[in-house]
Amino acid sequence: MAKINICEKCKINKATVQLTTYDKGLKNDLILCENCAKNYDDIDEKDKTEFTKDNFMSSLLDSIQSSGLKVNYIKTTKCEKCGMNYGKFKEIGRLGCDECYTTFSEKLIPLIQRLQGSTVHTGKVSRKVKGLLDIKREISDLRDEMNAIIKDERFEEAAVLRDKIKELESGMKKVGGDHE
Amino acid sequence: MNKSKLMSFDDFMTSAIISSRIRIARNTSVAPFPIALTKKKGEALKVQLKDRLMKKTELGVFNYKDLAKMPFNDAKVIVEKNLAGATILQNREIKGILTSKDEKTSVLINDEDHIRIQSIKSGMDLMGAWKIVSAIDDQIDTQLDYAFDEQLGYLTSCTTNLGTGLRASVLVHLPALTLTGYMDRIYQAANQIGMAIRGTFGEGTDIYGSVYQISNQVTLGRKESEIIGTLMEVTKEIVSKEMAACETILANHPVNIEDKVYRALGILKNARLIDLQESINLISDVRLGYYLGIIDKTETVDLEHILIDVQEGNLQGKAGKLVTNIDGLRADYLRKLW
């Protein structure tokens, strides 16, 4: 017979949610009932009555959270680069570094969609990425060309293209990794 | 009252639009954003960024000011001149600012983002300001490893700046729309197309003298030129509504308005104590008189400069000594103008 799990927090209800937290890189699993899982994020939350842009963002995040019960994001989920945790981000409405966008992406992307009405940048492009994008496109074109030539068994010509692709790929690494 | 006639639409645009401002937010991926930096690391990054910008780009001709070493009043003046938001007054140790000689162009280091590039132009010249900002951006891009994501664009500390990092804004004087109670509708309409109307001195400030700041709310999913183009269109539309409101006023309340304008002139010419809000409100009333043809242009003052000149830090700074009676200083200053 399968064992029935009891919520580790209220110790009353049946546990249906597994909550994973990360503290200083250490994984910690909690088994909770739905109710406790929903409220987990708000433990110790300060009472905010004043309306500001920041707590507006925080309430937006809350509303995104309640739409599904995937409670992987809790206060202790931490960005490894800058140390920002999700609870603090919610409180101050500011991210700590570029990596935070990856760390908290699951929560951020829906928030950005709501705030900005889009999640795809169409404006100006930074020089380093612009160069990379151009090279990526060129490599992809050359590959197509090379494959067509191989089918025709024109191997010598294909080898020239192969070398050119290699050269571009090593150049790409340089563009991507040469910044201080 | 004389039979007044409104000026042409172009002249009206020139009078009502005080200034245009473009600023972009940029960060480097080599360090956490300023908010996540310790004081020590923030100070080191400030020096590093300043040196790099001054030595490797054309910003070498700019004037650098370290916020940490600056008297508090000088920092306040920077805010009053709209070169930075009030956030620079906190955590000043890690912040610095580069300004052009005319202080129309500036690069702010370690405020909310590592780099904020800004250009202010008189009247409606958003494209001119954008060209200046974008050229500086291109230069800095060669020197810093920008935090940029292929999907999300330029990564910023606050998600409200994400993507283009662009905030385009115009400062407009709308006394007739305010007087006729139309501003609520303007607020709603602007909001619906992704534009926000903010206070006289930027986000979170009140409206003084019917001076409003209109700016884009959305920074992601639209090209810079689209954002700027929309703002220009919206501003033009709002100013044409302001002109229509002036016509309504002329048709309906000539004596009341004439009285309001001359009373304002009387106070500005004679008051001995005047606070910031009252001064800007009165200057606005006088200017409305000019729009309506009640008084001559020579009786008005240039709004762009006076909005800075009548502020506390600026008056204090020009006095050259600590003055407690700022309202007196302001009244003296205004009497000399009229």
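**Entry 1: a lysine and its partner**

I began with A:Lys81, which counts as partly exposed at 34% relative accessibility. I note at the outset that the model is a predicted one. I then looked up what the side chain of A:Lys81 meets, and found a salt bridge with A:Asp98, at 2.8 Å from N to O. This pair links distant parts of the chain, the two residues being 17 residues apart. A:Lys81 lies in the loop between helix 2 (53-66) and helix 3 (86-92) of chain A, and A:Asp98 lies in the loop between helix 3 and helix 4 (100-103) of that chain. I also checked the accessibility of A:Asp98: its relative accessible area is 11%, so this residue is buried.

**Entry 2: a contact between chains**

I next asked which residue of chain A meets the side chain of B:Glu112 in a salt bridge. The partner is A:Arg94, at 3.1 Å from N to O. The pair crosses between chains: B:Glu112 sits in the loop between strand 4 (105-109) and strand 5 (115-122) of chain B, while A:Arg94 sits in the loop between helix 3 and helix 4 of chain A.

I turned to A:Arg143 and A:Glu169, whose side chains meet in a salt bridge at 2.7 Å from N to O. I recorded A:Arg143 as partly exposed, at 37% relative accessibility. A:Glu169 is likewise partly exposed, with a relative accessible area of 29%.

I then looked for salt bridges that share partners, and found that they join A:Arg94, B:Glu112, B:Asp113 and B:Arg116 into one network. A search of the whole structure gave me 26 salt bridges over all chains.

**Entry 3: helix 4 of chain B**

Lastly I examined helix 4 of chain B, which covers residues 126-141 and has 16 residues. From its first C-alpha to its last the helix reaches 22 Å, close to the 22 Å expected at 1.5 Å a residue. Which residues of this helix are buried? I listed B:Leu126, B:Gly128, B:Ala129, B:Trp130, B:Val133, B:Ser134, B:Ile136, B:Asp137, B:Ile140 and B:Asp141.

Key: Residues are numbered from 1 along each chain as its sequence is written. Chains are lettered from A and ligands numbered from 1 in the order in which they are written. This is a predicted model: local features need pLDDT of at least 70, side-chain atom pairs count only at pLDDT 80 or more; totals for chains, interfaces and linings use all residues. Side-chain values use heavy atoms; hydrogens and water are left out. Helices (H or I, at least four residues) and strands (E, at least two) are DSSP runs, numbered from the N terminus. The expected span of a helix is 1.5 Å times one less than its number of residues. Buried means under 20% relative accessible area, exposed over 50%, partly exposed in between (1.4 Å probe, protein chains only). A salt bridge is a side-chain nitrogen of Lys or Arg within 4 Å of a carboxyl oxygen of Asp or Glu.
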